[in-house]
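Please keep in mind throughout that the model is predicted.

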Amino acid sequence: MLLISSARFEEHTTPPGHPERPERAAVFTRVAAAWRDHFGGRVVEPRPATREELARVHDAEYLDALEAVRGQAVMLDDDTFTSPESYDIALLAAGAAVQAAEHALTTGETAFALVRPPGHHAERDRAMGFCLFNNIAVAAAAAVARGLSRVAVVDIDVHHGNGTQWMFYEDRRVLYVSTHQYPFYPGTGGATETGTGKGLGFTFNIPLEAGASDADYAAAYERVAARLVEYAPALLLISAGFDAHLDDPLASMRVTTQGYAAVVQSLAGAARQVGCPMALVTEGGYDLDALRDCLEATIHVL
Ligand SMILES: [Zn+2]
């Protein structure tokens with residue numbers, strides 16, 4: 001397992017009281033340091049995403065607009081903000097996701113990018129829900145650009161990854177699977193959203209009611225694992241959000257750290273069964289202790 005981590009992820013700051021705060025990156029840094037120092041694990045610094053990589057999933061006008069606010073603190077939507085460093089840090093987050101995917105594909109070893117800002121709400125043409133670039137989508141598109149025709153993205157964050165879903169809604173080369181609290185922010189992710197055109201059947205949403213437990217998640221991930229084995233991806237990407245944890249302040253699920261470990265275990269089992277490498281990229285997770293515990297549990301399961 002390779003971790004991709006940088007203390008620079010603390011440099012993207014948000015207004016006081018914002019849940020997606022720099023302290024989350026401090027958790028990433030501590031988890032990575034412990035992995036390196038106590039377990040001999042490897043940790044590397046991320047590189048920035050290139051314009052070409054970003055332009056596979058984002059409109060040129062949006063990329064220009066974000067670059068134009070480099071060095072400035074602005075509000076991009078009701079809950080998405082930049083600080084002067086945000087543009088460069090967001091480039092690193094997207095680049096780290098691509099690096100994780102490339103490492104997994106090149107070596108077969110699992111890679112985990114510990115990044116912020118998160119990405120899965122970012123749309124083709126706008127920032128949304130704390131997200132600037134859609135990191136996991138940039139990674140999936142990089143894999144497709146390498147010639148892969150079957151890439152799976154499984155989104156374990158408590159929120160539906162609207163951005164990722166729409167970017168690949170008509171594209172069967174990327175299977176998007178999500179479990180999420182529903183109805184809930186961002187409002188998408190109903191079971192009837194299954195893709196369109198050539199992508200029909202390659203979006204798989206499992207909406208879950210508020211209060212879902214470890215047992216509910218275990219049942220959902222049996223279905224997810226079955227769909228993965230059927231699809232037989234050449235790469236499994238995981239949008240690793242830990243905000244379905246019972247201690248999370250934003251959502252209302254009751255998943256324990258052990259429950260999250262079981263989710264990761266079931267995805268790893270499916271990947272093993274089809275012989276595909278895995279790369280993970282962080283998304284949400286806003287209770288710092290739960291975030292640390294879930295990251296450690298995930299790393300140890302893998
Ligand atoms: Zn989330």
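1. Which residue just after helix 1 takes a positive phi? The residue is Gly40, and its phi is about 70°. As background to this and to some later points, most residues other than glycine have a negative phi, and most peptide bonds are trans.

2. Helix 1 itself runs over residues 23–39, and its length can be checked in a simple way: at 1.5 Å a residue its 17 residues should span 24 Å, and the end C-alpha atoms are 24 Å apart, which agrees. The buried residues of this helix are Arg24, Ala25, Ala26, Val27, Phe28, Val31, Ala32 and Trp35. An α-helix has 3.6 residues a turn, so residues three or four places apart point the same way. The cover over the buried residues of helix 1 includes strand 1 (2–4) and strand 2 (42–44), together with strand 10 (278–282) and helix 9 (288–301).

3. Thr110 deserves a look of its own, since it sits in the loop between helix 4 (86–107) and strand 5 (111–113) and yet has a relative accessible area of 16%, which means that it counts as buried, the cut-off being under 20%. Beyond its neighbours within four places in sequence, Thr110 is in contact with Met1, Leu2, His103, Met278, Leu280 and Leu302.

4. The loop between strand 5 and helix 5 (135–145) holds Pro117, and the peptide bond joining Arg116 to Pro117 is cis, with omega about 0°. Phe130 lies in that loop between strand 5 and helix 5 as well, where it has a positive phi of about 75° although it is not a glycine. With a relative accessibility of 12%, Phe130 counts as buried.

5. A cis peptide bond is also found from Tyr182 to Pro183, with omega near 0°, and Pro183 belongs to the loop between strand 7 (174–181) and strand 8 (203–208).

6. Ala232, in the loop between helix 7 and strand 9 (235–240), has a positive phi of about 50° although it is not a glycine. Is Ala232 buried or partly exposed? At 26% relative accessibility, Ala232 counts as partly exposed.

7. Turning to helix packing, the axes of helix 7 (residues 214–231) and helix 8 (residues 257–274) come within 9 Å and cross at roughly 15°, and the two helices are therefore roughly parallel to each other. The crossing of helix 7 past helix 8 is right-handed. On the helix 7 side the contact is made by Asp214, Tyr217, Tyr221, Val224, Ala225, Leu228 and Val229, while helix 8 contributes Gly259, Val263, Ser266, Leu267, Ala270, Gln273 and Val274. Sorted by class, this contact has ten nonpolar, three polar and one charged residues.

8. Helix 8 also packs on helix 9, at an angle of about 35° and with the axes 9 Å apart, and helix 8 passes helix 9 in a right-handed crossing. Here Thr257, Tyr260, Ala261, Val264 and Gln265 of helix 8 meet Asp293, Cys294, Ala297, Thr298 and Val301 of helix 9. By class, the contact between helix 8 and helix 9 has six nonpolar, three polar and one charged residues.

Methods:
Residues numbered from 1 in each chain as written. Predicted model: local features only at pLDDT ≥ 70, side-chain atom pairs only at ≥ 80, totals over all residues. Heavy atoms only, no water. Helix = DSSP H or I, 4+ residues; strand = E, 2+ residues; numbered from the N terminus. Buried < 20%, exposed > 50% of the residue type's maximum accessible area, 1.4 Å probe, protein only. Contact = heavy atoms within 4.5 Å. Expected span 1.5 Å × (residues − 1). Axes fitted to C-alpha atoms, helices over the stretch in contact; angles between N-to-C directions. Parallel < 35°, antiparallel > 145°, perpendicular 65-115°, else oblique. Left-handed = near helix turned anticlockwise from the far one by under 90°. Nonpolar A, V, L, I, M, F, W, Y, C, P; charged D, E, K, R; others polar.
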